[in-house]
There are 4 protein chains.
Amino acid sequence: MIHILTTGGTFDKEYNYISGELLFIDTHLPEMLKRARCGLDVRIEKLMMIDSLDMTNEQREFIAEQCKRTTSHKIIITHGTDTMVDTAKYLAGQELLESKTIVLTGAMIPYSLGASSDGFFNIGAALAFVQVLPAGVYIAMNGRYYNWDNVQKNYNTGFFENVRSKI
Amino acid sequence: MIHILTTGGTFDKEYNYISGELLFIDTHLPEMLKRARCGLDVRIEKLMMIDSLDMTNEQREFIAEQCKRTTSHKIIITHGTDTMVDTAKYLAGQELLESKTIVLTGAMIPYSLGASSDGFFNIGAALAFVQVLPAGVYIAMNGRYYNWDNVQKNYNTGFFENVRSKI
Amino acid sequence: MIHILTTGGTFDKEYNYISGELLFIDTHLPEMLKRARCGLDVRIEKLMMIDSLDMTNEQREFIAEQCKRTTSHKIIITHGTDTMVDTAKYLAGQELLESKTIVLTGAMIPYSLGASSDGFFNIGAALAFVQVLPAGVYIAMNGRYYNWDNVQKNYNTGFFENVRSKI
Amino acid sequence: MIHILTTGGTFDKEYNYISGELLFIDTHLPEMLKRARCGLDVRIEKLMMIDSLDMTNEQREFIAEQCKRTTSHKIIITHGTDTMVDTAKYLAGQELLESKTIVLTGAMIPYSLGASSDGFFNIGAALAFVQVLPAGVYIAMNGRYYNWDNVQKNYNTGFFENVRSKI
């Protein structure tokens, strides 16, 4: 079983036509997996619906506890991109998670915005990576996977990249 | 470098408003990778644009030759779902391909049909699998990967499945 | 009250992923009016779901009877574009309809195909025309309205046009 | 000729994936008319790209001048919904515009947000109304048209409505 934990982020934002703002209503994961005709044994659990810039260490601790608690060894966490790297580092430092494959993913454009969003591609890639990568904490964005200790978001381009180049 | 060879299939069909039929105009792969903000080194090559029910063994031989010819060891083939398994078997029987990871993927609903298509998810998964799976020939559909010798399309549901269950 | 009678046509076709064909499942009108935040008093009635090339004169007679039967004087008929002009002519020749504004509309690309379809625009225009035009039978396509006796479909371009130019 | 003047508003907002905000890049009108296969003689002119809450009376005066200056007697103004009624009133009080049909329209959800936006429907309705309504200033929203002196936005529902009910 693959356990998907959702925390919000751009990935799940929606346009509210009264306020004219992008905010959270509910996760789009169930709808996305149905559309994907996903044949995997997946369980979706909504942990929180927040902008990752607002995520506290108490909330990171809560995410870590849920990763420990689940019997699954394959975990996907949907997460805002701004502090995705911080949460990856937080999880990598945890005992009891060494035997699990944890993949964080998100989107640069909300799934609800339709034809321009990268979210549906990213969840496809994350589901593939979590099945095949060895235990560890990874970020899956832009078609690639990154080890938790060699990744940063480039705030000028919006893309993820290695901290140090491969030699 | 990941080499993507396109052969057509439902994946790349488009609606023609003069004839009212779904047919091939051009591949959507470049547009899809741009939308995915894909940061991988990818080369796209259009081999043919056909319905996979019309694919001949001469055309399968041509695909096999292109897989041998490329210097890349990571190959994705976009393909109609109806005979995807046949092409996978054809490629698996080939010398000189033993050292390559070849992933066939496609779509149950054309990418051009928008919000209902599974194609964008599938290409995300295929790109992830081709980076991580060992050498071999695979089909990536419905969020899963299948070894070439243990997969069939269920023509009632449209889904792919194992021929024999895991024990 | 505006009475919308649906008859099928490209407008309401959907992709069936088992057969790989475009066919009819149900009308999209209720979903479209909801999306439009339509504030009009509208009644939707599904008369048939057919390709307009298959429409018989018995079916045209049935449509005419429904136009007579309804108490509404503002009627929209969604219709395939191939024989839309024939149905308009059929209705224009009918007694008891002289006091009604009847607008036929449709789509060159199915609404279900998303971002390329003209259907949502066309239903917006048809709803506007039916409220404001005097009694008569019209076709609303391509942002324009055409009197039933001066319109033809150009089968090369897919566009509607006047039979004789305005002088 | 129908002259479309764009001023911004929710209608033309787009998601910026670096800042995570909805802002203006360019108008979507040309793309929308192409998708509509619009066969009308239309001229699109971009006057400004602003949130209508920020519109000043100097900017309203500028819009009025453009309405006077154009030789066209059929004018559509795309506009944010929050102060659309104010601009309609401003234009209705102007000499030299009495002989023109001016239709203001907009969207509750940005066109760029895809499958949930009402914008494509609204522009279809506005183009229809401007061709058929007599000279005057109108708002076209929610499938209806409203005279400038009997319309208000309901800020709780987001819908437009008459100030006084019809008797």
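View 1. The volume of the largest cavity is about 30 Å³; a volume is the space filled by probe spheres set on the points, with grid points joined across faces, edges and corners. This is a predicted model, in which local features need pLDDT of at least 70 and side-chain atom pairs count only at pLDDT 80 or more, whereas totals for chains, interfaces and linings use all residues. Residues are numbered from 1 along each chain as its sequence is written, chains are lettered from A in the order in which they are written, and side-chain values use heavy atoms, with hydrogens and water left out.

**View 2. Lining of the largest cavity.** The lining (residues with an atom within 4 Å of a point) consists of C:F121, C:N122, C:A125, C:F129, C:A140, C:M141, C:N142, C:G143 and C:R144. In chain C, α4 (119–132) and β7 (136–141) each supply at least two lining residues; helices (H or I, at least four residues) and strands (E, at least two) are DSSP runs numbered from the N terminus. The largest share, four residues, comes from α4(C). By class, the lining holds five nonpolar residues, three polar and one charged, where Ala, Val, Leu, Ile, Met, Phe, Trp, Tyr, Cys and Pro count as nonpolar, Asp, Glu, Lys and Arg as charged, and the others, Gly among them, as polar.

**View 3. Interface of chain A and chain B.** Contact (heavy atoms within 4.5 Å) joins 29 residues of chain A with 29 residues of chain B. The buried area, i.e. the accessible area (1.4 Å probe) lost on putting the two parts together, summed over both, is about 2400 Å², and carbon and sulfur atoms give 67% of it. In chain A, the residues losing the most area to chain B are A:R35, A:R37 and A:F121, together 29% of what that side buries.

View 4. The elements giving two or more residues to the side of chain A that touches chain B are α4 (119–132) and β8 (144–147) of chain A. Of these, α4(A) gives the most, with 10 residues.

Methods
On a 1 Å grid over the protein atoms alone, a cavity is a set of points where a 1.4 Å probe fits but cannot get out, and a pocket is an open set with protein on both sides within 12 Å along at least five of seven lines; lining residues have an atom within 4 Å of a point.
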